[in-house]
Amino acid sequence: MQASPSPALIEQSRRNAKRLAKQTGIRIYQAQDQIAQSHGFGNWSQFAKAGNAAKPAPASTSTPVLAPHGPRRYLHGDQDEGNPAVYYCAECDFFGLPDHFLERHRVPHGARALAAIERFQRSPSDYTSIGHRPENPPNILQPDIEAEKLAGAAREANRSPFHRWLEQQRERDDPVGDLAYDVMRDKKFPSGVRSLKEAKAYLGNGWGRRDAVRALSAAWREFEAVASHTAQTAVQQR
Ligand SMILES: [Zn+2]
């Protein structure tokens, strides 16, 4: 039998699967299966189940050993509670010295850290394997996180209603949800996009494969229906 994957590994793998899906154009569930197989499991659900089984069981007698919300969860740049000299790098999945965070990584540090914090805050409370994290724990990337927040505020000010609507669709389990996820990760996507034509032109030249472009059309139709239902929007696309 395979070694039980840690909850952190499952969580990391889940992110890797989304990235893999984005990079290769395969569906997220296919990417998840591939990653599960690379760890020696038949498919993703077996892998995830084994990860849940690996969670430390609550002490059967006497005092509970776990914090109420599971083990400490470290996000990118968080200081190690047991060793203040080192900080967690989520990209490398290890605790490194401050120098480590001067090295360039695939994802800029501030962006990764802020995204992780936001994702953590959005996580459903019943997903206990994500563990607990104190409010504002020491994090070596704090200045980068603040800078990223400012950059995000500037981007936010320029976003179109479609882009804002699409962001709300990220958790959906359908092609629109997958598209939304990919678009929101794509910092080059024209977030001020005002027409379907403009969005299609970008996707067609970029990572958009045919089903992404199809999902985009479906998303736009749905957005328009919602928008015309709720407000006097300035969207011109038919
Ligand atoms: Zn690293």
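**Zinc site and salt bridges in the predicted model**

Glu11 and Arg14 both belong to helix 1 (residues 7-24), where three residues, about one turn of the helix, separate them. Helices (H or I, at least four residues) and strands (E, at least two) are DSSP runs, numbered from the N terminus. The model is predicted: local features need pLDDT of at least 70, side-chain atom pairs count only at pLDDT 80 or more, and totals for chains, interfaces and linings use all residues. Residues are numbered from 1 along each chain as its sequence is written, and side-chain values use heavy atoms, with hydrogens and water left out.

Glu11 and Arg14 form a salt bridge, with 4.0 Å between the closest N and O atoms. A salt bridge here is a side-chain nitrogen of Lys or Arg within 4 Å of a carboxyl oxygen of Asp or Glu. Glu11 has a relative accessible area of 13% and is buried. Arg14, at 30%, is partly exposed. Buried means under 20% relative accessible area, exposed over 50%, and partly exposed in between (1.4 Å probe, protein chains only).

Across the whole structure, 14 salt bridges are found. One of them joins Arg172 and Glu222, at 2.8 Å from N to O. This pair links distant parts of the chain: Arg172 sits in the loop between helix 6 (161-167) and helix 7 (175-185), and Glu222 lies 50 residues away in helix 9 (residues 210-230). Salt bridges with shared partners also join Glu156, Arg159, Arg164, Glu167 and Arg170 into one network. Within it, Glu156 pairs with Arg164, the closest N and O atoms being 2.6 Å apart. Glu156 is partly exposed at 33% relative accessibility. Arg164 is also partly exposed, with a relative accessible area of 33%. Arg172 is partly exposed at 23%, as is Glu222 at 30%.

The zinc ion has four protein donors: Cys89 (SG), Cys92 (SG), His100 (NE2) and His105 (NE2), at 2.0 to 2.2 Å. Donors are N, O and S atoms within 2.8 Å of the metal (3.2 Å for Na, K and Ca); water is not among the atoms, so sites may look incomplete. The donor residues follow the spacing C-x2-C-x7-H-x4-H. Cys89 in strand 1 (residues 87-89) and His105 in the loop between strand 2 (94-96) and helix 4 (109-122) link distant parts of the chain, 16 residues apart. Both Cys89 and His105 are buried. The zinc site is tetrahedral, with angles of 102 to 113° among the four donor atoms. Four donors count as tetrahedral if all angles lie between 85 and 135 degrees. The ideal angle for four tetrahedral donors is 109.5 degrees.

Notes
Tetrahedral: all angles 85-135°; square planar, octahedral: opposite > 155°, others 65-115°.
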